[in-house]
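Let's take a walk through this one together. Have a look at the model, and then we'll go over its sheet, its helix contacts and its rings.

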Amino acid sequence: REEMEKEVQVLRRSAGSVSQEAMAKSRQDLDKLRQKLDSESRGREEAEDRCQKLHTRVLALQADLEIARAERKELETLVNTLRMQGLDGIRMPHGREALGLRSANHGASPYPASPMANSDRSTAIKSPAAHLFMAGSLSGTPGKVAKILLGSSERHRLATADYLASLLEGTSEINRVGKGLMPEDMSDIASYVKAHPRVERMFLSGNNLGLAGAKQLCALLLDPSLRLLRLDLRHNNLGNEGCSTLVEAITSNSTLTRIDLSANGITSAAASAIAVMLAKNENVTRLDLRHNDLGDAGAATLASALKGRCNLQHLDLSANSIGHKGAESLAAALKVNAMLQVLDMRGNAVSPVGVKALEDSKAMSKVADRQVLLPLATR
């Protein structure tokens, strides 16, 4: 504003002696200054609006903090009481007993016991909240506070049944990555998900589930009450049989939208089952198959599915031993497919001929901004 006033004063003093060109330039400078002033005014208003929102958020956080402090005092009182009563002598419940589950024959489990199930886990978790939970103090307010305060790292270290029992009612995600799950663990997870329909995501990668675990999941995936949206089964040694069994169940599933079957030893032998699933299931929009061994034959089979009625939007085929023949099959499918937005082909030994076919298909795409992530061309 001061700069504008100075410019106006200069114009007034030299009104009679300034050329038309100088006058026009001065007017342009004034217009630029007005625009700058308007922009700064808008920025100030936006900053004030953000400041008001932050102030409201601070007040809300202060209220939450007061509630947390009150709950903490209540928890500390209970901890002190339990310490006086000798909490260290309490042993935690084991595996399925902690969740109130029994095996199908109501006797001994037909599967080997998990290493954690036979160990004294009372020394594995140190926080008061974990001790309160494992001591069975889940009834009443103090128990609920302990359940809330049980940290995610502590929860992750629990055996599967105890982990499930520790989850809050509104939990929408199950995360058991790299826990060496047994078939009985999968049975516990299935029972929990059926009883808690809010679960939408299951991360079970790195567990070596194999065919037995895949069969346990199939029964769950066929449950019509399921609301599961995402299933991550990377590094689970499913193989062709386990993969085919799973995708057959997914064919009839009406909720899943994202599936990750990466690094499961899948070859072209399972490609037909995957293609059938893609053709019949209209809900799956993302499929990750990276680090398998589909090869040219598997790529050609999937390409046939992409040519038909397929709602898939993201397909990851990176590092799948696909050569130029498989790339050409996929390129031909992309020319007629009107849904796929991303195709990842990185890490495949595709020759320049195959790379050019993919590039040409991208240029002829019916999908705006389609991404084809290309491998480095090989001779």
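Here is a short tour of the strands, then the helix pairs, then the aromatic side chains.

Keep in mind that this is a predicted model.

To zoom in on one pairing, take strand S6 (residues 314-316) and strand S7 (residues 342-344), which run in the parallel sense and are joined over three bridges. Asp316, for instance, has Asp344 in S7 as its bridge partner.

| Helix pair | Angle | Axis separation |
|---|---|---|
| H9 (residues 210-221) and H10 | about 0 degrees | 9 Å apart |
| H10 (residues 239-251) and H11 (residues 271-280) | roughly 10 degrees | within 9 Å |
| H13 (residues 324-336) and H14 (residues 352-363) | about 10 degrees | 8 Å apart |

With H9 and H10 packing at an angle of about 0 degrees, H9 is therefore roughly parallel to H10. The H9 side of the contact is made by Leu211, Ala214, Lys215, Leu217, Cys218 and Leu221, and they meet Glu241, Gly242, Thr245, Leu246, Ala249 and Ile250 of H10. Sorted by class, the residues of this H9 and H10 contact are eight nonpolar, two polar and two charged.

H10 also packs on H11, with the axes crossing at roughly 10 degrees, so H10 is roughly parallel to H11 as well. Here H10 brings Cys243, Ser244, Val247, Ile250 and Thr251, while H11 brings Ala273, Ile274, Met277 and Lys280. The contact of H10 with H11 has six nonpolar, two polar and one charged residues.

Further along, H13 and H14 pack at about 10 degrees, and they too are therefore roughly parallel to each other. On H13 the contact residues are His324, Ala327, Glu328, Ala331, Leu334 and Lys335, and on H14 they are Val353, Gly354, Ala357, Leu358 and Ser361. By class, the contact of H13 with H14 comes to six nonpolar, three polar and two charged residues.

Last, the rings. How many aromatic pairs are there, with ring centres within 6.5 Å as the rule? The count comes to zero. There is a charge over a ring, though: the charged end of Arg176 sits over the ring of Tyr163, 4.4 Å from its centre.

Key. Residues are numbered from 1 along each chain as its sequence is written. This is a predicted model: local features need pLDDT of at least 70, side-chain atom pairs count only at pLDDT 80 or more; totals for chains, interfaces and linings use all residues. Side-chain values use heavy atoms; hydrogens and water are left out. Rings of Phe, Tyr and Trp (its six-membered ring) pair if their centres lie within 6.5 Å; planes under 30 degrees apart count as stacked, over 60 as edge-to-face and the rest as tilted. A charge sits over a ring if NZ of Lys or CZ of Arg is within 6 Å of the ring centre and within 35 degrees of the ring normal. Two strands pair if DSSP finds at least two bridges between them. Helices (H or I, at least four residues) and strands (E, at least two) are DSSP runs, numbered from the N terminus. Axes are lines fitted to C-alpha atoms, for helices over the stretch in contact, and angles run from 0 to 180 degrees between N-to-C directions. Angles under 35 degrees count as roughly parallel, over 145 as roughly antiparallel, 65 to 115 as roughly perpendicular and the rest as oblique. Contact means heavy atoms within 4.5 Å. Ala, Val, Leu, Ile, Met, Phe, Trp, Tyr, Cys and Pro count as nonpolar, Asp, Glu, Lys and Arg as charged, and the others, Gly among them, as polar.
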